[in-house]
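Please open the model in a viewer and keep the selection tool at hand. The tour visits pockets and then a helix.

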Amino acid sequence: MCGIVGYVGRRVDGVKAGHSALDVVLEGLRRLEYRGYDSAGVAVVWEGSIESRKKSGKLSNLIAELEARPLPETVTGIGHTRWATHGGPTDRNAHPHLADEGRLAVIHNGIIENFAELKLELLDKGVEFLSETDTEVAAALLGDIFRNKLGGDTSEGGLTRAMELACQRLEGAFTLLAVHADQPDVVVAARRNSPLVVGLGEGENFLGSDVSGFIDYTRRAVELGQDQIVTITAETVEITDFFGNPAEGKEYHVDWDPASAEKGGFSSFMEKEIHDQPDAVAQTLLGRSDINGKLTLDEIRIDPELLKQVNKIIVLACGTAAYAGTVAKYAIENWCRIPTEVELAHEFRYRDPILDANTLVVSISQSGETMDTLMAVRYAREQGAKTISICNTNGSTIPRESDAVLYTHAGPEIAVASTKAFLAQITAAYLLGMYLAQLRGNIFSGQIKDVLADLNKIPAKIQKILDNAGPLRELARSMANETSVLFLGRHVGYPVALEGALKLKEIAYIHAEGFAAGELKHGPIALIDEGQPVFVVVPSPRGRDSLHAKVVSNIQEVRARGARTLVIAEEGDEAVKAYAEHVFYVPETPTLLMPLLTTVPLQIFAAELAAAKGYDVDQPRNLAKSVTVE
């Protein structure tokens, strides 16, 4: 998830009359650095040429480079802060990427799925590539269309037309920004499944990944639709679709001040990251299959023949990641028929576990630096096991020391309590489970296509939950004085209950416990007293009917003893209404995929309740984002 900024200001008699493009772009990148800090770069249009600077590492590295090698003050510029996907975080892989003999500069957020096919086509035309990125392929394609197909059309609209034709060729999710030396007062941008917003100024206009990229200069913004292209000059904003048809964006006013822009307008990073989850899941799924629906997990470089021989899987993780691993266990055993264990990484190597060359160890860590997990991975490798890491941070230690890695691409997660990384980890675990089943022949290609189709519907379903969370937030605020909340679930609902309890502990400092609902009568039911709030995650009535009925019985059991029952259920489940004080519905989805939806209301509840208590939900006491000591 990268940060992008674009700017065009006014010239009067050839003299800059607006802000300096470089100043605007750098301030925007500072506010957007939470979206990625593997590298940063800028490009400005100056006297018929493109001038660019870029450096790996944080934005401060780029600023130091600009101090050493200043750029001229101009009225047109673009900037980028990168979260590396294609290609490592190096200077040459940093954006902008140049094309058309250095006269075109392009920045990009997202993934171009068909970059390999396009690259081969461009190589045949003699194009040389300097980086490992899919972005440079998009830049080269745009440059080739502008120069060769359109004949270097320098008339008004030439770059826009080239962008339209390029986007018709591109597959995947992307936001692209481009400037060309032949059209010095224009920035052209396109979006598909990736954020882009326009800022409207007086004699100047802006582009950004979100409004924090230009909040210091204007509160007027335009939200772009799917598959739209926007062309900005100092005085105009024109929107079309990918085929040149006129389109309209949705204008709105930004009601918050620049001080909160780092959070994208949300009250906390956690709140923002809860709202990032549709994109986090979509990005994790992006580019993982071919046109035939076959999974192609290119980051997993273990010999497929070795993976076919695996007879035991051990998932290693801590905290929230361990609950993601528990969800993974259900899916992997269901699809692969391989015995799967979930181990707390800090306990693993101290109990003399049984491992051999046919054991696959899957580690899960958002940061890739969790010391407990790292040491467990090292131990597993010493014992001859194969290791795969599920991680959100490119180039971190655990992926480097594992045999293979599956990156989640959820983007930087700043709040200590994990939200979007959790859903991305579950998504990646599903992909891994299906991939192993595909190798072993446990699942047919048609089944994989069906599951992927269901997974690709998840982002929209999460968004629906977010859009309809008002009553849940109101309930959370009303419960600010509660001292204990219990959570119950069965099957994949059990780790969701554990995660719901953990979120409340982490940020609201409330006693909370999660239980397998079937375990209730074996002891925990003694905790139920008059008014005790109990969240119950109810399985779908469409699948495991007996399991649904058993959980409904659990609701009746605790309600009969005075509990206040708060139920998360699937849309259309009318059976729970009679036994619940509050029901919060999530969209229908297959049973194994339900945690991607049922977790979200519990995250919202915890964040809202903690905020109502006046706590800092981003930096809860006694906790750190990455635990780098044992």
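Select strand E16 (250-253) and helices H6 (269-275), H7 (277-285), H14 (445-456) and H15 (458-467): each supplies at least two residues of the lining of the largest pocket. Helices (H or I, at least four residues) and strands (E, at least two) are DSSP runs, numbered from the N terminus. The model is predicted, with pLDDT of at least 70 required for local features and 80 or more for side-chain atom pairs, whereas totals for chains, interfaces and linings use all residues. Residues are numbered from 1 along each chain as its sequence is written, and side-chain values use heavy atoms, without hydrogens and water.

Next, centre the view on Arg191, Pro195, Pro278, Asp279 and Gln463, the closest to the centre of the largest pocket among its 50 lining residues. A pocket is an open set of points on a 1 Å grid over the protein atoms alone, where a 1.4 Å probe fits, with protein on both sides within 12 Å along at least five of seven lines; lining residues have an atom within 4 Å of a point.

Now select H15. Its buried residues (under 20% relative accessible area, 1.4 Å probe, protein chains only) are Ile458, Pro459, Lys461, Ile462, Ile465 and Leu466. Looking down the axis of H15, one finds them within an arc of 165° (directions from the helix axis to the C-beta atoms), so they line one face of the helix. On the other side of H15, select Ala460 and Asp467, which are exposed (over 50%). Finally, display H6, H7 and H19 (595-612), which are among the elements covering the buried residues of H15 (contact means heavy atoms within 4.5 Å).
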